[in-house]
Amino acid sequence: MFEKSDAHYFLKAALVGVVVAGLATGFHSGVEILISHYASLRANLGPGLLSYAVAAGLSAACVTGAYFLVARFAPEAAGSGIQEIEGAMEDKRPLNWMRVLVVKFFGGLLALGSGLVLGREGPTIHMGAMTAEALSKSQGLTPSDHKGLLAAGAAAGLAAAFNAPLAAILFIVEETRRQFPFGYRTYMAVIIASILSAAITEQLTRTGPPLQFDVAYLPVWTFPLLAILGVLLGMLGVFFNWALLTVMDFFQAIPRQAKWIPAMVVGAATGLLLAAFPEATGGGEDLIRDLIHTNFGIAALLLLTVFRFAGVLFSYASGVPGGIFAPMLSIATCAGLAFGAISSELLVNVDSDFRAACAIAAMGGFFAASIRAPLVGVVLVMELTGAYSLIMPVLITCTAAALTAHQLGGRPIYEQLLARTLRLAGQTPDADADKTPVQLGTRKS
């Protein structure tokens, strides 16, 4: 039997999961409606110059509007917000839940609806944590329980975004290992919120695994090739983290009165790409499915990798709400398919399933290299694709990628983003932030 206090806390976590599921479903539906109407408008205008002009102007207006919404009312709502949640759990960042919820929701609709290379999961994770913050105000909680509920809201947001409750739970274990107060109550709260959020979202949207694929088992002799793929993705992940921070610092150096100009320029460029090269825009969930089922050439895959890589850097640095998970998965898919295609040309014994397997394994590998959460990478890919026959290949790729990134001196992207945020706010980040081990059950809840 639960103690009365436990039952009350778990009920609050369940309420977080339910509310976040509804909020995330509304957000995702809103994004889909905007994207659909925008595509219909471009189709009605035809392929002429008018279509390019309207797309450039409309996307520029949406991105600029999202930027001003963030800059004026809730600067902490920019980007994915995961670093803000971690900072709040360290008592170093503010928790203005009402402003963040409103700005993240409507700013996210404008940003993602404009075609920026950003994902929906960042906003839902941040809104999930802010929902938990709102619900925690109804009764006093201990600092440990409060942080546990914030983590439960964040996990519920990720579970709703990708229909991946297990990956959401593991994300708290690996990503917030320094901040999360591990204990029976807090850990179970994360599990309860994640399960309910994913289940309700699936019921509301009637979707199973978002990117389900049927891929056969791979022979053991191909595993060294997947390890090589992991090494390459480890290098790509370290470069991605460095490039993202570099572009953000470049935009930060622009005079304050002109900071809206990059957002306008990025929006206009996105609109032009929507008309000319739509595969290079958007979060990339639908693109991943098309890429794996279509036999793209190596040159086209590499070109798409470059465009989407640059797109997410400039989209995220523009200062609007949006996540990087989905764009990273699409970049990894392009790179993995290119690696698989090259391997197929060089090795006659490689069959067509290997190409798709490389794409799926690359999703986890790039995630593991950049975010440095290899188990989350493995489980997230399994839940997204349903390709459980590839669990060993994905595990090999993720491990090789994470080890490579570590050996190259790379640091987890959200740790770097939090350190940057604290530095800009005049605070000093922890010097040994990435050295704190996970200690399950060592704290009292």
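**Figure 1. Arginine 185 and aspartate 145 meet in a salt bridge.** In this predicted model, the N and O atoms of the two side chains come to 2.5 Å. Arginine 185 belongs to helix α8 and aspartate 145 to helix α6 (residues 143-162), so the bridge ties together parts of the chain that lie 40 residues apart in sequence. Here is a point to check on your screen: are the two partners buried or exposed? Arginine 185 is buried, at 12% relative accessible area, and aspartate 145 is buried too, at 5%. Let the view take in Asp6 as well: salt bridges with shared partners join Asp6, Asp145 and Arg185 into one network.

**Figure 2. A salt bridge joins arginine 178 to glutamate 90.** The N to O distance in this pair is 2.8 Å. Both ends sit in loops: arginine 178 in the one between α7 and α8 (184-205), and glutamate 90 in the one between α3 (82-89) and α4. The two are 88 residues apart, and the pair links distant parts of the chain. Arginine 178 has a relative accessible area of 16%, which makes it buried. Glutamate 90 is likewise buried, with a value of 18%.

**Figure 3. Arginine 120 and glutamate 32 form a salt bridge.** Their closest N and O atoms are 2.9 Å apart. Arginine 120 comes from the loop between α4 (97-113) and α5 (121-136), while glutamate 32 comes from helix α1 (residues 4-45). How does accessibility compare across the pair? Arginine 120 is buried, with 17% relative accessible area, whereas glutamate 32 is partly exposed, with 39%. For context, the structure holds 11 salt bridges in total.

**Figure 4. Glutamate 175 is buried but has no salt bridge.** This residue is part of helix α7 (residues 165-175). Which side chain of opposite charge is nearest to glutamate 175? That is arginine 177, at 5.6 Å, and a salt bridge needs a nitrogen within 4 Å of a carboxyl oxygen. Leaving aside residues up to four places away in sequence, glutamate 175 touches Glu86, Ile371 and Tyr414.

**Figure 5. Helices α2 and α10 pack with their axes 7 Å apart.** Helix α2 spans residues 49-73 and helix α10 spans residues 260-276. The angle between them is about 145 degrees, and α2 passes α10 in a right-handed crossing. On the α2 side, the contact includes Ser51, Tyr52, Ala55, Ala56 and Ser59, and also Ala60, Val63, Thr64, Tyr67 and Phe68. On the α10 side, you will find Trp260, Ala263, Met264, Gly267 and Ala268, together with Gly271, Leu272, Leu274, Ala275 and Ala276. What kinds of residue make up this contact? There are 15 nonpolar and 5 polar residues, and no charged ones.

**Figure 6. Aspartate 91 and asparagine 163 each have a positive phi.** Neither of these residues is a glycine. Aspartate 91 has a phi of about 60 degrees and lies in the loop between α3 and α4. Asparagine 163 has a phi near 50 degrees and sits in the loop between α6 and α7.

**Figure 7. Proline 75 and glycine 319 have C-alpha atoms 8.4 Å apart.** Along the chain, 244 residues separate the two. Proline 75 is found in the loop between α2 and α3. With a relative accessibility of 54%, proline 75 counts as exposed.

**Figure 8. Threonine 222 and leucine 232 are 16 Å apart, C-alpha to C-alpha.** In sequence, 10 residues separate this pair. Threonine 222 occupies the loop between α8 and α9 (223-252). Buried or exposed, what is the state of threonine 222? At 3% relative accessibility, threonine 222 counts as buried.

Notes
Residues are numbered from 1 along each chain as its sequence is written. This is a predicted model: local features need pLDDT of at least 70, side-chain atom pairs count only at pLDDT 80 or more; totals for chains, interfaces and linings use all residues. Side-chain values use heavy atoms; hydrogens and water are left out. Axes are lines fitted to C-alpha atoms, for helices over the stretch in contact, and angles run from 0 to 180 degrees between N-to-C directions. Helices (H or I, at least four residues) and strands (E, at least two) are DSSP runs, numbered from the N terminus. A crossing is left-handed if the near helix is turned anticlockwise from the far one by less than a right angle, and right-handed if clockwise. Contact means heavy atoms within 4.5 Å. Ala, Val, Leu, Ile, Met, Phe, Trp, Tyr, Cys and Pro count as nonpolar, Asp, Glu, Lys and Arg as charged, and the others, Gly among them, as polar. Buried means under 20% relative accessible area, exposed over 50%, partly exposed in between (1.4 Å probe, protein chains only). Lys and Arg count as positive and Asp and Glu as negative; His and the chain ends are not counted.
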